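The following note records points on the fold for review. Please read them beside the model.

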Amino acid sequence: MEITIAMIKELREATAAGMGACKEALQASNGDMKEAVKYLREKGLAVADKKSSRIAAEGTVDIMIDEATKTAAMIEVNIETDFAASNAVFGAFVKDLLKIILDKKPADVAALLALPFDAEQNVETALKNKVFEIGENINSRRFVTIDGVIASYIHGKGSI
């Protein structure tokens, strides 16, 4: 089957993978979109495993407050470079982790990684997919939840 630019673009919009990776996935799956997405996920997990040994010394600290329950969650998520730490995709992922922490109240990082991220994957798999998407090692180092009257301040856009 001939792989068209439109097919590559559609797969890229659905997965945020690179154009070359999308073309490779479509070729490997004979143009089947569902199989191409599966191929990219599997490849992404392998890439994430390779990158897991790299040092993630940059990152961000972020806070989210649930006014209804008077609970706050603060998380530190590390990534390899300060440039990637300021990436909107990375920032949105950190916010998603905070929402999960506030909703499910896991005991520790291991429990957080085991929780569902969405209907298709758990937090650990979502993190590995972000490693593939962003191209850098990412790890959630620690988090805390606090109940009560809360105010928050983040210094240096979360880098300090």
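1. In strand 3, Arg142 is the bridge partner of Glu76. Strand 3 covers residues 138-147 and is joined to strand 2 by nine bridges, the two running antiparallel. Another partner in strand 3 is Phe143, which is bridged to Ile75. Strands are DSSP runs of E with at least two residues, helices are runs of H or I with at least four, and both are numbered from the N terminus. Two strands are taken as paired if DSSP finds at least two bridges between them.

2. The model is predicted: local features need pLDDT of at least 70, side-chain atom pairs count only at pLDDT 80 or more, and totals for chains, interfaces and linings use all residues. Residues are numbered from 1 along each chain as its sequence is written, and side-chain values use heavy atoms, with hydrogens and water left out.

3. On its other pairing, strand 2 (residues 71-79) is joined to strand 1 (residues 58-66) by nine bridges, again antiparallel. Asp62 stands opposite Ile75 of strand 2. The two strands form a hairpin with four residues between them, and Lys70 in the turn has a positive phi of about 55°.

4. The three strands make an open sheet of order 1-2-3 with antiparallel pairing. Strand 1 and strand 3 are at the edges with a single partner strand each, so one side of each lacks a neighbour in the sheet. Neighbouring strands are turned by 15° against each other on average, direction ignored. Axes here are lines fitted to C-alpha atoms, for helices over the stretch in contact, and angles run from 0 to 180 degrees between N-to-C directions.

5. Eight of the nine residues of strand 2 are buried, where buried means under 20% relative accessible area (1.4 Å probe, protein chains only). Helix 5 (residues 88-104) lies across strand 1, strand 2 and strand 3, and runs at about 140° to strand 2. Helix 7 (residues 123-134) packs on the sheet and touches strand 2 and strand 3, its direction making about 130° with that of strand 3. Contact means heavy atoms within 4.5 Å.

6. Ser140 belongs to strand 3. Is this residue, Ser140, buried or exposed? Ser140 counts as buried because its relative accessibility is 11%. Leaving aside residues up to four places away in sequence, Ser140 touches Ile75, Glu76, Val77, Val109, Leu112 and Leu127. Lys105 is 35 residues from Ser140 in sequence, and their C-alpha atoms are 15 Å apart.

7. Helix 1 (residues 5-15) and helix 2 (residues 19-28) pack at about 110° with their axes 9 Å apart. They are therefore roughly perpendicular to each other, a class that spans 65 to 115 degrees. In their contact, Met7, Ile8, Leu11, Arg12 and Thr15 of helix 1 meet Met19, Cys22, Lys23, Ala25 and Leu26 of helix 2. By class, this contact has seven nonpolar, one polar and two charged residues; Ala, Val, Leu, Ile, Met, Phe, Trp, Tyr, Cys and Pro count as nonpolar, Asp, Glu, Lys and Arg as charged, and the others, Gly among them, as polar.

8. For the chain as a whole, there are seven helices and three strands, in the sequence pattern α-α-α-β-β-α-α-α-α-β. Of the 160 residues, 37% count as buried. The C-alpha atoms fill a box of roughly 60 × 30 × 25 Å along the principal axes.

Definitions and conventions: Buried means under 20% relative accessible area, exposed over 50%, partly exposed in between (1.4 Å probe, protein chains only). Angles under 35 degrees count as roughly parallel, over 145 as roughly antiparallel, 65 to 115 as roughly perpendicular and the rest as oblique.
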